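Thanks for coming. I will talk about one interface today, so please have a look at the model first.

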Number of protein chains: 2
Amino acid sequence: MNPTSALVELLETYHDLHSNWVERFDQPPSPVEFLQIIRRNRPVIISNGFSHWPAVEKWDSSYLKDKITGDITIAQTPFGNADSVVKNNEDGVEYFVKPHTTQGSFAEFLDHLQNDTRESSDPVQYAQSQDDNLHGEYSTLLSDIDEEIPWASVLGTPDAINLWIGNGRSTSALHKDNYENLYCVLSGLKSFVLISPLEVACVRERTLPSATYKADADGGFKIVPDDPPSDVSCWPTLDPDNPEKTSPFWDLCKPLRVDVHPGEILYLPAMWYHKVSQKCAPGSMCIAVNYWYDMDHSGPFYSLCQFVRSSSLLLANGPTFTY
Amino acid sequence: MNPTSALVELLETYHDLHSNWVERFDQPPSPVEFLQIIRRNRPVIISNGFSHWPAVEKWDSSYLKDKITGDITIAQTPFGNADSVVKNNEDGVEYFVKPHTTQGSFAEFLDHLQNDTRESSDPVQYAQSQDDNLHGEYSTLLSDIDEEIPWASVLGTPDAINLWIGNGRSTSALHKDNYENLYCVLSGLKSFVLISPLEVACVRERTLPSATYKADADGGFKIVPDDPPSDVSCWPTLDPDNPEKTSPFWDLCKPLRVDVHPGEILYLPAMWYHKVSQKCAPGSMCIAVNYWYDMDHSGPFYSLCQFVRSSSLLLANGPTFTY
């Protein structure tokens, strides 16, 4: 046994004890069943969890344009790549790049989204402000959904409820959130790649300087390092759809791949890495609502995940071992 | 950061996030509350969980003697030290030593127990067969307790329900069980020292050859190595009441110490190390009933604990690190 074999054993044991698919439930779980799911820290798909929401019937383009009359926050990127690692050709440095954000009319945003195609070279627009926006700029839509999901109240009250509106040109690069997440798809198809926090050795986490896209006058984008400079740490830099060159431990990884259809909820456990891409029919939109609940930092799980991270980084970076 | 500092950080973070006392509940939890407790993998004490059992009123000496008419299994040791590490003076080797077991009349066992004092040099006797004995040799007592604890059914049906009858001369050396344990004290006082599975580096686990005490004709004991030879692995050899000479990581350990009184239930989470000593008034007995439930080997906890064990043993034993 050496440190590498200990880590290999961890991942092999963990995978031996779990299926390599995402379990599906036809009906919402009871609070007790949901706690058992949370305890296992495995993603599941739940059907028929929000079919009673007025949003399911109501949320078409004209209704949304009627209800959202103020300006909204729009994320703009050249390739639909918000919060992702991009090499800046100007200085040759890889940055963690945040999208260019603008404020604009919701109606114009929606028109653009619906006329936008994969062939377009226009900037990709995405309404994805993850700031509890259903209590903020979209609060007129709040009565169309439930503010609490009854069986999920075992996790407390949601810290944030976010509306996401985009199209098939946007992709969320692999990342993780320290929240228990219930992700409800209302229209379009969301394809998730899901990687357990135990597989941290496989995703090549790095510390990167942060930057922001700035739109040019001619419709292009410039990467502008943040001033004052700041770093983003523990950011997974692996693309699970193009992993070959990034991580020596990739062979140990068993990503779960799952499509979440309209009417379905993905329970995405805290600290799981996820990459999300989406599809929607030409002229339509991808709409989702997600609930973020505080994760439990007490209990053994958080501390243990940090330990696996430290151990994995030591192995990946070839530490000086001292006793 | 090096492997030692990663382990130090794990234990310091874990302790920072948790109290160093055992939480007490005045009433039994609901199933949802109990699942939250299990999820935190922390011991708790629950009062008033079995005050309705007929056993609470009925179980005195004469009633027990009336009901238990068959022979029972009695564990005998020189010092009350069942399943403990003992150095055999004959060959100088440290063994994992199991008690000498006999079958005998319950009435005689009880008489001996009640007349036994700390000053005695007689063998220490303990009825502690952990083989679901309330469905076996003590089945006539089963109707005096509940076969299931309603709020604990979220863990399934108990794998075993065990009766323990002894006196203040018996001690259970530090050990762990791969079971979720509900330990109900009916009479006497049980003092637990509890150590988290994350603290495996602190308890000096070792692999030891196993042996069994054999009673001599003159009332003494001989340590007889098992034939064919066998080993017990991952056995914690630290005595938390006399730790100074055993583990270089002991300073990182924060054992919880708690007394469980009659009428109280200790929830002892799976894989927690525990040492148990007991007290009862002269002429009386220490009686407890415990419920063992299968632990969840799926989910991340079991695999993560094994990883901390491997990492800790590598540090303790000074491995050759290879990449």
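How much area is buried between chain B and chain A? About 3900 Å², of which carbon and sulfur atoms give 71%. Buried area here is the accessible area, taken with a 1.4 Å probe, that two parts lose on being put together, summed over both.

A word on the source. This is a predicted model, where local features need pLDDT of at least 70 and side-chain atom pairs count only at pLDDT 80 or more, while totals for chains, interfaces and linings use all residues. Residues are numbered from 1 along each chain as its sequence is written, chains are lettered from A in the order in which they are written, and side-chain values use heavy atoms, with hydrogens and water left out.

The contact (heavy atoms within 4.5 Å) takes 44 residues from chain A and 44 residues from chain B. Between the two chains there are 0 salt bridges, meaning a side-chain nitrogen of Lys or Arg within 4 Å of a carboxyl oxygen of Asp or Glu.

Now the helices, which are DSSP runs of H or I with at least four residues, numbered from the N terminus. Helix H2 (residues 31-40) of chain A packs against H2(B) at an angle of about 5°, with the axes 9 Å apart. Axes are lines fitted to C-alpha atoms over the stretch in contact, and angles run from 0 to 180 degrees between N-to-C directions. That makes H2(A) roughly parallel to H2(B), a label for angles under 35 degrees. Among the residues making this contact are A:Leu35 and A:Ile38 of H2(A), and B:Leu35 and B:Ile38 of H2(B).

Key: Helices (H or I, at least four residues) and strands (E, at least two) are DSSP runs, numbered from the N terminus. Angles under 35 degrees count as roughly parallel, over 145 as roughly antiparallel, 65 to 115 as roughly perpendicular and the rest as oblique.
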